[in-house]
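Please read this note with the sequence and the structure side by side.

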Amino acid sequence: MPFIEMHDVGKSFGAREVLAGVNFSMEEGEFVSIVGASASGKTTLLKIVSGLLEPGCGQVTMAGESVTGFSSQAAIVFQNYSLLPWLSALENVRLAVEAAFPSYSRARQDEHSERYLKMVGLGGALARRPSQLSGGMRQRVAIARAFAVEPRVMFLDEPFGALDALTRATLQQELARMCSEAGRPVTALMITNNVDEAILLSDRILTLSRGPSASLSPAVPIDLPRPRATDLLFHDEQAVRIRGRLAGFLAAGSRPRFGAPTNAAFSRGVSKSNVPVEA
Ligand SMILES: Nc1ncnc2c1ncn2[C@@H]1O[C@H](COP(=O)(O)OP(=O)(O)O)[C@@H](O)[C@H]1O
Ligand SMILES: [Mg+2]
């Protein structure tokens, strides 16, 4: 039985049908990404699968049980940090650690939180508040916090979407490193508007068609060896082919649906896929 499953999920806001017929499944230990254009319904989908939002129709299950709210075994990272501004980096992480490991002593919670902040290179910024941190550093805190609770599954909603390109590339590599050093397979579902980011991090990628009534493409497996460097995207034959294929799915989804993407859409996509998929 898959770890997470969505069966025929739909969601409308008023008369606007955002998602229709969404089917999805992933196994524990997989890193799966969903790529889609702005406003296609990615956040809505992630909120539904993580239990933050009820689907209009269809079912969502995690570990065989119906999802009815945000699981205590999950962690989520949003695009916009979601740190508490009046707490330091350490306190922000400790708050989550305290909830996840209530039996730990205060000293152990601090030590645990500090360890994860050090892993993201913030050992020297423990006492700083979010306003005293750069955007990239704030997002590092959010990632440290997500790993620190040692969740069974991590949900990531465009975690690097608000960052400049260089910081984004650095954090992509850090996230990949955190996953490989976690000591166990990390289960993660990431939403992104960037095909390359998805290829660098994922075991499988799906695309969400442009709304309204968006649905998911079949998954594309990414069998590239890790660690994956950015130049792989341009020089590795498989990576180049996958970029083209994903861009093809996205391009096909941007028009009224004629069925499967055409070969023309596939080849057109290759040169387009290095830019974020914006509407
Ligand atoms: N709570 C809401 N009420 C009404 N419309 C919403 C709500 N949340 C999202 N939408 C609409 O649903 C569509 C998809 O939104 P969203 O899931 O945030 O897209 P994405 O994350 O892909 O940019 C957008 O048109 C958005 O305006
Ligand atoms: Mg979104």
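This is a predicted model: local features need pLDDT of at least 70, side-chain atom pairs count only at pLDDT 80 or more; totals for chains, interfaces and linings use all residues.

1. Residues are numbered from 1 along each chain as its sequence is written, while chains are lettered from A and ligands numbered from 1 in the order in which they are written.

2. Around ligand 1 lie residues including F13, V18, K42, T43, T44 and G211, each counted as near if its C-beta atom, placed from the backbone, lies within 6 Å of the ligand. Helix 1 (residues 42–49) gives the most to this shell, with three residues; helices (H or I, at least four residues) and strands (E, at least two) are DSSP runs, numbered from the N terminus.

3. Six of the eight residues of helix 1 are buried, among them K42 and T44, where buried means that 20 or more other C-beta atoms, placed from the backbone, lie within 10 Å of the residue's own. Just after helix 1, G51 takes a positive phi of about 90 degrees.

4. In strand 8 (residues 188–192), five of five residues are buried; A188, M190 and T192 point one way, and L189 and I191 the other. In a regular strand the side chains alternate between the two faces of the sheet.

5. Strand 8 runs parallel to strand 3 (residues 31–36), joined by five bridges, with A188 as the bridge partner of F31. Strand 7 (residues 153–157) also pairs with strand 8 in the parallel sense, over four bridges, pairing being defined as at least two DSSP bridges between two strands.

Conventions:
A residue is buried if 20 or more other C-beta atoms lie within 10 Å of its own, exposed if 12 or fewer, and partly exposed in between; C-beta atoms are placed from the backbone.
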